[in-house]
Amino acid sequence: MKSYQVRVAVAVAVAGVALSACGPVQAGAAAIVGKERIAASDLDTKIQDFRKDLAAHKMTEDQLGLRIPLTQLILLRLANDEQYIQLGKQRGIAVTQRDIDDVIASQGGQSQTDAALLQSGVPLSMGREFISSLIIQQKLVEQAGGGVDQQSQQAALQKVTQEADTKVPMRFSPRYGKFDAQQGFLPDERFGKVPAPEQPPAAAPPA
């Protein structure tokens, strides 16, 4: 079984989020992915789980350098995981618990894997599901012709993303912000403003 690097796969997963948002979303749902509903209550639970995980590991949200608010990030994680798990089932791709264990081992064990997951905005309660979706995505990329070079990886990833978007579309409730099909969630301070990167202090003028 080939080992997949979590940190590398995380970058692939972020790039591979299928940005689809159309049609109404059921009341009480944060998103609809394919035929599955992600309840707003489940999203709230995952956010609470994540904050508890950070506290247990003596980490803060500020240390993560998030580009979008935590609520939107975890919603995307939940939706993208579900999307690739559904697509994997459609394509007959199976992921075993041993496959997931192999990824964890390749990261240096559970502790190192947990740290990588938290750095990527993944609650530990959904860690194994997240890894499973990454394995599925990587297998799909390989089947689509992704090789070891970046160009073929990107071309294959684009094909896989388009397939995921078509076969397992994602729709998000507007209560979580404005979602653009090309850009993802647009800036919205309702869930907390994402701080801009700190700028180095200006040099003092010569005396």
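## Overall architecture

The chain contains 8 helices and 5 strands. The model described here is predicted. Read from the N terminus, the order of elements is α-β-β-α-α-α-α-α-α-α-β-β-β.

The chain has 207 residues, and 46% of them are buried. Its accessible surface amounts to about 11,500 Å², with 51% of that area belonging to carbon and sulfur atoms. Among contacts in the chain with a separation of 6 or more, 75% are between residues 24 or more positions apart.

## Helices α2 and α4

Helix α2 spans residues 40-56 and helix α4 spans residues 70-90; their axes come within 10 Å and cross at roughly 110 degrees. Because angles of 65 to 115 degrees count as roughly perpendicular, α2 is described as roughly perpendicular to α4. The crossing of these two helices is right-handed.

On the α2 side, the contact is formed by Leu43, Lys46, Ile47, Phe50 and Arg51, while α4 contributes Leu70, Thr71, Ile74, Leu75 and Leu78. By class, the residues of this contact comprise 7 nonpolar, 1 polar and 2 charged.

Although lysine 58 is not a glycine, its phi is positive, at about 55 degrees. What is the relative accessibility of lysine 58, and is the residue buried or exposed? The value is 77%, and lysine 58 therefore counts as exposed.

## Helices α4 and α7

Helix α4 also packs with α7: the axes of α4 and α7 come within 9 Å and cross at roughly 50 degrees. That angle makes α4 oblique to α7. The crossing of α4 and α7 is left-handed, whereas that of α2 and α4 is right-handed.

Arg77, Asp81, Tyr84, Ile85, Leu87 and Gly88 of α4 meet Glu129, Phe130, Ser133, Ile136, Gln137 and Leu140 of α7 in this contact. The classes represented are 6 nonpolar, 3 polar and 3 charged residues.

Glutamine 83 is another residue of helix α4. Its relative accessibility is 0%, so glutamine 83 counts as buried. Glutamine 83 and glutamine 137 are separated by 54 residues in sequence, and their C-alpha atoms are 10.0 Å apart in space. Glutamine 137 is itself one of the α7 residues in the contact with α4.

## Helices α7 and α8

Helix α7 (residues 127-143) and helix α8 (residues 150-167) have axes that come within 8 Å and cross at roughly 110 degrees. By that angle, α7 is roughly perpendicular to α8. The crossing of α7 and α8 is right-handed.

Here Gln137, Gln138, Leu140 and Val141 of α7 touch Gln153, Ala156, Leu157 and Val160 of α8. This contact has 5 nonpolar and 3 polar residues, with no charged ones.

## Helix α5 and the residue after it

Helix α5 covers residues 97-106, and its buried residues are Asp99, Ile100, Asp102, Val103 and Ile104. Following α5 comes glycine 108, which has a positive phi, near 100 degrees.

## Summary of the helix contacts

- α2 with α4: roughly 110 degrees, with axes within 10 Å.
- α4 with α7: roughly 50 degrees, with axes within 9 Å.
- α7 with α8: roughly 110 degrees, with axes within 8 Å.

Definitions and conventions: Residues numbered from 1 in each chain as written. Predicted model: local features only at pLDDT ≥ 70, side-chain atom pairs only at ≥ 80, totals over all residues. Heavy atoms only, no water. Axes fitted to C-alpha atoms, helices over the stretch in contact; angles between N-to-C directions. Helix = DSSP H or I, 4+ residues; strand = E, 2+ residues; numbered from the N terminus. Parallel < 35°, antiparallel > 145°, perpendicular 65-115°, else oblique. Left-handed = near helix turned anticlockwise from the far one by under 90°. Contact = heavy atoms within 4.5 Å. Nonpolar A, V, L, I, M, F, W, Y, C, P; charged D, E, K, R; others polar. Buried < 20%, exposed > 50% of the residue type's maximum accessible area, 1.4 Å probe, protein only. Areas by Shrake-Rupley, 256 points an atom, 1.4 Å probe, with all protein chains shown as cover.
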